[in-house]
Amino acid sequence: MSSTHSYPSNRTKHVVESKSTEAQQDTEYECAPFFVDLKSLSESQLDHLRSVGLLGAVCVEIDESTAPQGVSAKAAKLLGVNETEKQIDDEPRVELLEEIRPSTSINKVVGVQDPYAIRLVRSAHINYLSNALSEPLSRGFISLDASHPWMIYWCLHSLDLLQYFDPHSDTSLDSGGLHDLETLQKSQLLKRIVSTMKHCWTDVSLQFDEDEVKKNGKLTELHKIQQKEGISSTNLQGKIELIGGGFGGGPQQMPHCAPTYAAVLTLCIIAGIGCGQEAAVNRSQNPYHEAGRLAMALLNEKRLPMYAFFLTLREHEDGERIAFRMHHDGEIDVRATYCILTPCHLLGLLDKDEEKNHLLSPPIAHYIASCQTYEGGFGAEPFNEAHGGYTFCALAALRILDFVSIINVETLRSWLARRQLEFEGGFCGRTNKLVDGCYSFWQGGAIAVLDCWYNENNATGEKIGSADEEGLSFDEVMLQRYILLCAQDVNGGLRDKPSKPKDFYHSCYNLSGLSVAQHALSSSWPSTSCEAGDDDTNLNSLFGDASVNILGKTDPVLNIRLERVMYATEQFRSANERNDQEIRGNET
């Protein structure tokens, strides 16, 4: 089939043709019609693109005598328009990108009226994602019965990036809050999500040596709480039995690191929406406050039992803690370490004092480093192939641990840079693999994490992006172009590539990658409070209509919005400080 295709003239060049290069050629051919020069389309075809929301409804006078007519049959089919005009080209022309670079105010960008600026079909995506959370899913989703927290996180985080719950997106906040039906429905949705997460929690009985409990302040605190409740005891072997636990993939399922990670991120998002926005909205006017309060209460209730569960997932070698398992008797890989470190970072469970840090040890960082391959990326475990998802987990975990310097940074930068495909502009996950929208975040986010670390730690003082040009060390405009042109389904939702169906997972990570590509790097990580929020004056080069395309800013290490991270870490830091004061008071 490949031999019959007339491929774009600027397709990727290969030294040796193979089945892999043929698949790459097919993918380029699949994407090429989406890069059509919009000025070559007829007015009726442009009207269709406006009707589905890809172009703004702008009145533009067109000189019919000079305007190019028609488009190829392939372009017409994939763009969803009729080939009503005479075909003038064998293949659609690839549009030259024109960057929009903000200066001091986003209003200057918004003021640019470009009738051909592609738009994020925000309302369609919101409908698709909010319906997934509020309506029963079809029978086909039974295969994801062990992924309830994941599906909720994918949809909720996507809606949060789309600013669905922001005060400025709700006129009801200015007119009595709960009296507005739509706002009431959103509030009820968030409370139902908290209830679902509560039902996904599973308790497990754990045993610890008495000495370990005495030396570990958090276990001591949990032991005291459970003694008062009558649920902690000492068995005949001198072991202290505590009730720990984690979130499972659904009600009454075994606790597992991955859904625990998704559940904690989900609850932190809701806590931030309900309680963290009160600086801008009075508590009495915030219809989401009760949902935020419930989310914070659940996190406070479960953080210490979760910590105890994480301790039992440690894998030891020669007496040293080297790695974590995904669940009891489960696999060991870098995902487990990242899925444990992220909730612990957000919930204030990581002690900077190495003597107090019973969860971690330096060999854990060195185990992660041992998963780096000769190519530069990371595999799931030592001697595995480098993969985008595992590379992100490994790098983000090392960033939380502040151990990025122990890996070969230059080979990692090189491997990540080579994953952005020249023609499509999106990322692939492994060497010789095809573009996939989800790697917009797994690879794009990893580059943002590494760039930020590099700017903080490079001894030469050289920074990513020049003094007058903020940016990332990949082509963020090309990535935005791929997401907006190839990954969007105009009926709502985002996808791997044009020939694939939309789904919650790809919607989440396409939008997360779009957020990373749009927003300039923070000066440090963790970000300071002054850098949180949607700062529209601190953006990278943009593709498309800046008046509707800009998303909330996601934290590239944790992948929830910066505001939600700031609220959660501040709340639990304050809680730890109060506990430390109480302990010192009891000692004196």
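**Fold, core, sheet and cavities of the predicted model**

The secondary structure of the protein chain comprises 20 helices and 7 strands. Helices (H or I, at least four residues) and strands (E, at least two) are DSSP runs, numbered from the N terminus. The model is predicted: local features need pLDDT of at least 70, side-chain atom pairs count only at pLDDT 80 or more, and totals for chains, interfaces and linings use all residues. Residues are numbered from 1 along each chain as its sequence is written, and side-chain values use heavy atoms, with hydrogens and water left out.

Of the 588 residues in the protein chain, 56% are buried. Buried means under 20% relative accessible area, exposed over 50%, and partly exposed in between (1.4 Å probe, protein chains only). Contacts (heavy atoms within 4.5 Å) were also sorted by sequence separation. Among those between residues at least 6 apart in sequence, 71% join residues at least 24 apart.

The largest nonpolar core has 163 residues. Such a core is a set of buried Ala, Val, Leu, Ile, Met, Phe, Trp, Tyr and Cys residues joined through side-chain atoms within 4.5 Å. Residues with the most contacts inside this core are Tyr 153, Leu 190, Phe 247, Leu 346, Leu 359, Ile 407 and Tyr 509. Helix α10 (residues 257-274) gives the most to the core, with 13 residues. Beyond its neighbours within four places in sequence, Leu 359 touches residues including Tyr 307, Phe 310, Arg 314, Arg 321, Cys 344 and Ile 364.

An open sheet of 3 strands has the order β1-β3-β2, with antiparallel pairing. Strands pair if DSSP finds at least two bridges between them. β1 (201-209) and β2 (233-234) stand at the edges, each with a single partner strand, so one side of each has no neighbour in the sheet. β2 and β3 (residues 239-247) run antiparallel and are joined by 2 bridges. Thr 234 stands opposite Ile 240 in β3. Helix α11 (residues 289-311) packs on the sheet and touches β1 and β3. Its direction makes about 60 degrees with that of β1. Axes are lines fitted to C-alpha atoms, for helices over the stretch in contact, and angles run from 0 to 180 degrees between N-to-C directions.

The structure holds 3 cavities of 30 Å³ or more. On a 1 Å grid over the protein atoms alone, a cavity is a set of points where a 1.4 Å probe fits but cannot get out; lining residues have an atom within 4 Å of a point. Grid points are joined across faces, edges and corners, and a volume is the space filled by probe spheres set on the points. The largest cavity has a volume of about 180 Å³. Its lining has 18 residues, of which Leu 521, Ser 522, Lys 553, Thr 554 and Pro 556 lie nearest its centre. α16 (439-457) and α18 (504-518) are the elements that give two or more residues to this lining. The largest share, 3 residues, comes from α16.

Key
1 Å grid on protein atoms, 1.4 Å probe; cavity = no way out; pocket = protein on both sides within 12 Å on 5 of 7 lines; lining within 4 Å.
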